[in-house]
Amino acid sequence: MDYQKFLSTRSKARNPSAIRALMPYMNNKEMLSLGAGQPNPETFPYASMSVTLKSGETITFDNDLFRRSLSYDLTSGLPQLNQWLRELQIKEHAPPCKEFDLAVGPGSQDLLTKALEMFAEPGSALLVEEPTYTGALSFLETQPIDLVPVATDAQGISPEALDQILSNWPESNPSGKKDQPRPQVLYTVPVGGNPTGVSSTLERKKRTYEVCKKHDIIIIEDDPYYYLQFNTQRTPSYFSMDVDGRVLRMDSMSKILSSGIRIGWVSGPKVLIERMNMHTMVTNLQPAGVPQLMAYGLLAEWGHDGFFKHVDSVAKFYRERRDAFVKCLDRNLKGLAEWVAPDSGMFVWIRLLGGITDSNELILQKAVKKNVLAVPGVAFMPLQDKTPCVRVSYSCIEMDQMDEAVCRLAAVIREEAEANSAN
């Protein structure tokens, strides 16, 4: 593929940092370095590191690796962690493009914004699901581009809607701009969608990939909930079917190890990963060393089989919470709202009935007064359209508080519906 045509002018202008380019040589014991201005680790007060797991097991980290983690290191991440994750991608996804590259980052959000910026040529348009992740939208609002919403339903993104937009461009352009180039990039959260909680089926993914192939579209596969699928067999990723090298895949440890260690990784074509690494070189330099070591030490101890066992237990945890929460919805919201039971992740997307057309004030003012929190749907709408939808999450609320929370929300909806009926 010709990746140059997808890159923004700003991304193309980036060059490797002269000092960062020396980093691969810094851990060569034969090298006598007078180059990089590394602080001398002899001045650092930390001597060693160990962590105790909830199982009671203690992991003591290799002293050489710990010493290394305290210093500047490779832009693409700790080599041992990078290699472990590469092996994970091969075991889990078996990508057809064997020569994919991989970089570790300080959370997948950091990597995602760098990927989006890489494609954000001023005046261009970018395809996004409707609704979609508000964190991506908040960043995209700062970019000099227009967003093109693609319809979704209970089975994920609609490949027919995507094909119609691309085939009928520019007549299909929601901005009305007739001279705007056709979009070249699709951003999608295919599993446990945030906010919808639903996932694209395998059939939908195959058809969507074919549409992207037909129109030469890059797919940004933002998949932090991939390992939180509730079915025994995980639905294959776009990365696993990418014969062309048109998928840039984002993964995250936030939902499966710890959100605070800020570890994410991106996999995809070498040309695109190199562009992102050049962005990192001149901003945050590298992912933090100590969190990488914390992640790698545990993953190396577990091995890949141990990792798969762990993520299965995490998925089971959220599946049980999903089941309990959906029962609360059934008891309290029938006739007041509609929803689809999520098949992955942490969220339910609720469409309010009773003549409610905009959930924003209802949630931010009236629900808050009744001491229940949710997120108004407008936060997830690419064009900030009003919507009767609300995102609710069952991830952290105590099981014995779920029913009361939904009951309070039901009271707010009922009062609003009755007021609308009276009018």
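Which residues in α4 meet which residues in α8? In this predicted model, L111, K114, A115, E117, M118 and F119 in α4 meet L272, R275, M276, H279 and T280 in α8. The axes of α4 and helix α8, the latter formed by residues 270-281, come within 10 Å and cross at roughly 110 degrees; since angles of 65 to 115 degrees count as roughly perpendicular, the two helices α4 and α8 are therefore roughly perpendicular to each other. The crossing of α4 and α8 is right-handed.

Helix α4 comprises residues 108-119 and includes S108. With a relative accessibility of 11%, S108 counts as buried, the cut-off being under 20% relative accessible area. When neighbours within four places in sequence are left aside, S108 is in contact with D251, S252 and G264.

Helix α7, which runs over residues 202-215, has 14 residues and, at 1.5 Å a residue, should span 20 Å, a value with which the separation of its end C-alpha atoms, 20 Å, agrees. The buried residues of α7 are R204, K205, T208, Y209, V211, C212 and H215. Because these residues cover an arc of only 160 degrees around the axis, they are placed on the same side of α7. The elements that cover the buried residues of α7 include the strands β5 (146-153), β6 (156-157), β7 (185-188), β8 (218-222) and β9 (247-252), together with the helix α6 (159-167). Just after α7, the residue D216 adopts a positive phi of about 55 degrees.

Conventions
Residues numbered from 1 in each chain as written. Predicted model: local features only at pLDDT ≥ 70, side-chain atom pairs only at ≥ 80, totals over all residues. Heavy atoms only, no water. Helix = DSSP H or I, 4+ residues; strand = E, 2+ residues; numbered from the N terminus. Expected span 1.5 Å × (residues − 1). Buried < 20%, exposed > 50% of the residue type's maximum accessible area, 1.4 Å probe, protein only. Arc of directions from axis to C-beta. Contact = heavy atoms within 4.5 Å. Axes fitted to C-alpha atoms, helices over the stretch in contact; angles between N-to-C directions. Parallel < 35°, antiparallel > 145°, perpendicular 65-115°, else oblique. Left-handed = near helix turned anticlockwise from the far one by under 90°.
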